[in-house]
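Here are some friendly notes to read alongside the model.

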Amino acid sequence: MRKGQEDAAILAGTANPIAAYQEAIRLNPQVFWFHHRLGVAYETIGDATAALACYQQAVTLNPEAEQVHLKLGRLFRQQNDLSQAVHHYQRVLALNPGQQWVYKLVGTDLVKLDRHREAIPHLKQAIERDEPLAWVHFTLAEALIHENEWTAAVAAYREAIRLEGDDPWWHYKLGMALATIGDFEGAIASYQEAIARQPDTVSFQQKIGETLTAQGQFDRAIPHLQRAIELDPTPFQPYFILGQALFQTGEVEAACIHLEQARQRNPDHRPTQDWLQ
């Protein structure tokens, strides 16, 4: 290294490291370390754009620089450029599969990018390699659903709830998954868990009412459908389902009133018209 380069490297730790590293790069642009340290200096003053450019040049010079790929992944993630973040985190895993926590980041970001099939093995690796985290199991369940792997999704939802079972939406989503695989009693129990935690959510009340009606449990369905309408009287569907349930329990006049309400809200819904004929 020439004397000017040595001086620049020394000055990099002083009052103006950015200028020092820029001078070092001008003198020898092929030194990976200079680009890396200049990126760190830019990050120190909050200039993420300049830091990204420096780190990208650094990994061009040294593609196996694991720590720089980590920094690029973090910065791209902060800027919500998830595709680039995933690219660099995957390079980290290729270089060092032991970076356990990176599997979680890659899996989560791939789900956000709707790349669910790619996300699933990363999330499974995260679960196998690291401490159990409820949100990782929940994210895995969401990815599995998009790939129509409903039975596996049920297991993932259940594990998420076992680890951290207070989120009513997790119980609701477990219920929907259970209903999809034909476990309607399990679905109803899950909807009840959701309602116990958050009783004033229209979706919870409507879904349990729909499921109970479909299972012929009309007396149990009616109060949930009535509550859904109380919470939000605008959608037609709760009126339609409640009309059916009331009709099946012999309350024909009340059934017709609710079916008429459904028709007013959705005049083109043929099943409502058929029930009213």
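This is a predicted model: local features need pLDDT of at least 70, side-chain atom pairs count only at pLDDT 80 or more; totals for chains, interfaces and linings use all residues.

**Notes on the helices and loops**

1. Helix H9 covers residues 134-146, 13 residues in total. From its first C-alpha to its last the helix reaches 19 Å, close to the 18 Å expected at 1.5 Å a residue.

2. How many of the 13 residues of H9 are buried? The count is 11, so H9 is largely enclosed by the rest of the structure. Among the buried residues are Val136, Phe138, Leu140, Leu144 and Ile145, and the list also includes His137, Thr139 and Glu142. If you want to see what surrounds them, display helix H7 (100-112), helix H8 (116-129), helix H10 (150-163) and helix H11 (168-180): the buried residues of H9 pack against these.

3. H9 is followed by asparagine 148, which sits in the loop between H9 and H10. As background, most residues other than glycine have a negative phi. Is asparagine 148 buried or exposed? With 60% relative accessibility, over the 50% cut-off, asparagine 148 counts as exposed.

4. Aspartate 114 deserves a look for its backbone too. It lies in the loop between H7 and H8, and its phi is also positive, near 60 degrees, in a residue other than glycine. The relative accessible area of aspartate 114 is 57%, so this residue is exposed.

5. Now for a helix pair. The axes of helix H5 (residues 66-78) and helix H6 (residues 82-95) come within 8 Å and cross at roughly 155 degrees. Because angles over 145 degrees count as roughly antiparallel, that label applies to H5 and H6. The crossing is left-handed. On the H5 side, the contact is made by Glu66, His69, Leu70, Leu72, Gly73, Arg74, Phe76 and Arg77; on the H6 side, by Leu82, Gln84, Ala85, His88, Tyr89, Arg91, Val92 and Leu95. By type, the residues of this contact divide into eight nonpolar, four polar and four charged.

6. Staying with H6, valine 86 belongs to this helix. At 1% relative accessibility, valine 86 counts as buried. What does valine 86 touch, not counting residues up to four places away in sequence? Its partners are Val106, Asp109, Leu110, Leu113 and Arg115. For valine 106, the C-alpha atom is separated from that of valine 86 by 5.6 Å, although the two residues are 20 residues apart along the chain.

7. Where do their contacts lie, leaving aside neighbours within four places in sequence? Threonine 211 is in contact with Phe184, Ile188 and Tyr191. Threonine 213, with residues up to four places away again not counted, touches Phe218, Ala221, Leu225, Ile241 and Ala245.

Terms used: Residues are numbered from 1 along each chain as its sequence is written. Side-chain values use heavy atoms; hydrogens and water are left out. Axes are lines fitted to C-alpha atoms, for helices over the stretch in contact, and angles run from 0 to 180 degrees between N-to-C directions. Helices (H or I, at least four residues) and strands (E, at least two) are DSSP runs, numbered from the N terminus. Angles under 35 degrees count as roughly parallel, over 145 as roughly antiparallel, 65 to 115 as roughly perpendicular and the rest as oblique. A crossing is left-handed if the near helix is turned anticlockwise from the far one by less than a right angle, and right-handed if clockwise. Contact means heavy atoms within 4.5 Å. Ala, Val, Leu, Ile, Met, Phe, Trp, Tyr, Cys and Pro count as nonpolar, Asp, Glu, Lys and Arg as charged, and the others, Gly among them, as polar. The expected span of a helix is 1.5 Å times one less than its number of residues. Buried means under 20% relative accessible area, exposed over 50%, partly exposed in between (1.4 Å probe, protein chains only).
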